[in-house]
Amino acid sequence: MKILIATDTYPKQLNGVSRVLEKTIKELSVRGHEVKLLSVDDFRYFPWPGYHEIRIAVFPGSRLARIVDDFSPDTIHIMTEGPIGISMRRYCKKRSLRYTTSWLSRLSEYVSLRYKIPVSWLHRLLVDFHQSAAQTMVTTTSMEAEARNLGISRIVRWRRGVELDKFHPVETEIFSGLPRPIMLNVGRIAVEKSLDRFLSINTPGTKVVVGDGPQLNTLKKEFPEVIYLGIKEGKALTECYAGADVFVFPSLTDTFGLVNLEALACGLPIAAYPVTGPRDIIGDAPVGAMDEDLGVAIQKALTFKSEDCIARARTFCWDLATEDFLENLVPVNVEHPLLAEY
C-alpha cells in the first residue's frame, strides 16, 4: 500500500510528532508498505520568529500537488494543522479524495498563549479543519472526549508506544555526587511546557533539565542553580533517565508526552499535574503521582517502585500502535479496491 503522510514538522525536529512519525514510518516499512513523508523539508520555509526550531512552509500548494500526483497514494494522512496540512486538505477536497487527520497537539492553546488570540476563535478553525476528514486520530480517551466536546465527530484512537530496546534501566553514575533526589525533565524548553512551575518549587535535591528551546536562556538566568544538560540522545539520554529519581512533567497543555513513557521504561516514576497526558499514561498504576501542588506530586512519586514503572511502560507497544494507524486509514477513493486486505 502506498501511504502519503503530510506534516508541518520535519524529520529531525525535536518534538513528539516527529518522533511518532519516525517510529511509525519504520514500522510501516517493515510491514512492506511504501511511505512518502511530505514535510517542511520539501518546501521553501522560514523560521518562526522567536522560535527558530519551528519552520513554516512558504506557499506549498503547487509543489505539494506535483509531489502527490507523482506518488499517486492509496491513502493520505494529514498529521498537522499548519500550512502543509491546510494545503494537503485543500488538495484532497478539490479532487474529492478521502483522507484522515490527527489531532496531536493543543495548537490553539499554544497560539493563544503566545499571541493573545481568543482560544475560542482558534478552536472553531480547528474543528473546521478536522470535520471534513473521514476520521480524526487521537491518542487517548481524554483527547477523544475533548475532541467530541469541541464538535469533532469522527474520532478514532491511535495509541502510542515506547522503544524498550532503547529505554531501559542501566548502571550509571551520571548524577553521582549531586544532592538527591534528582528531579529530571526532558523535552522542548518553551513557554507552553510550564517549566518555570517545576523549577520554582522549593524542595530538597537537584533539578536537571535536558533539552533545548527558545526559553532556555531565560530559565538559565532565572534559575541558575538548575543543571541544564542540553540535548541528549541515545545512550546518554537513557543514562539521564536511569540516573534520576523522579521524572517531573509540569506541562498543562501536552496531549500525551512520549518522554513520560521513556522515563517509565527506565524505571523512573512520574510527577505531574492531573491533566491529559500524564492522567492517561499513569492510569491507576502505582507509577506516578498527580497533584495540583507539583511539590506534593514529586514527594509521593518518589515512593513508587522502579519495577512497577517498567511493567507499565511495557503495556505501550509500537506494534499495536502501528496496527491502529493502519486500521484507521481510508482509501482516497470511495470505490478504491485497496485497503480491504489491511
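**Helix α2 and its cover**

Analyst: Happy to! Among the elements that cover the buried residues of helix α2 are β1 (2-6), β2 (34-38), β5 (75-78) and α3 (83-94). This is a predicted model, in which local features need pLDDT of at least 70 and side-chain atom pairs count only at pLDDT 80 or more, while totals for chains, interfaces and linings use all residues. Residues are numbered from 1 along each chain as its sequence is written, and side-chain values use heavy atoms, leaving out hydrogens and water.

User: Which residues of α2 are buried?

Analyst: In α2 (residues 61-71), they are Leu64, Ala65, Ile67, Val68 and Phe71. Buried means under 20% relative accessible area, exposed over 50%, and partly exposed in between (1.4 Å probe, protein chains only). Helices (H or I, at least four residues) and strands (E, at least two) are DSSP runs, numbered from the N terminus.

User: Why is Trp318 called buried?

Analyst: Trp318 has a relative accessibility of 6%, and the limit for buried is under 20%, so Trp318 counts as buried. Trp318 belongs to helix α14 (residues 318-328). Not counting residues up to four places away in sequence, Trp318 touches Val20, Lys23, Thr24, Glu27, Arg160, Gly161, Val162, Glu163 and Leu258. Contact here means heavy atoms within 4.5 Å.

User: How do you know that Thr238 is buried?

Analyst: The relative accessible area of Thr238 is 3%, so Thr238 is buried. Thr238 is found in helix α9 (residues 234-243). Leaving aside neighbours within four places in sequence, Thr238 is in contact with Lys166, Phe167, His168, Val170 and Cys266.

**An open sheet**

User: Which strands are called the edge strands of the open sheet?

Analyst: The sheet has 6 strands in the order β11-β10-β9-β12-β13-β14, with parallel pairing. Its edge strands are β11 (227-230) and β14 (288-290), as each pairs on one side only. Two strands pair if DSSP finds at least two bridges between them.

User: How many bridges join β9 to β10?

Analyst: Strand β9 (residues 182-186) and strand β10 (residues 206-210) run parallel and are joined by 5 bridges. The rule asks for at least two, so β9 and β10 pair. One example is Met183, whose bridge partner in β10 is Lys207. Helix α10 (residues 258-265) packs on the sheet, touching β9, β12 (246-249) and β13 (270-272), and its direction makes about 175° with that of β12. Such angles run from 0 to 180 degrees between N-to-C directions, with axes fitted as lines to C-alpha atoms, for helices over the stretch in contact.

**The whole protein**

User: Why is the protein called as compact as a globular protein of its length?

Analyst: The protein has 14 helices and 14 strands. Its radius of gyration is 20 Å, close to the 20 Å that the globule rule gives for 342 residues, so the protein is as compact as a globular protein of that length. The radius is taken over C-alpha atoms, and the globule rule is 2.2 Å times the number of residues to the power 0.38. Buried residues make up 54% of the 342 residues.
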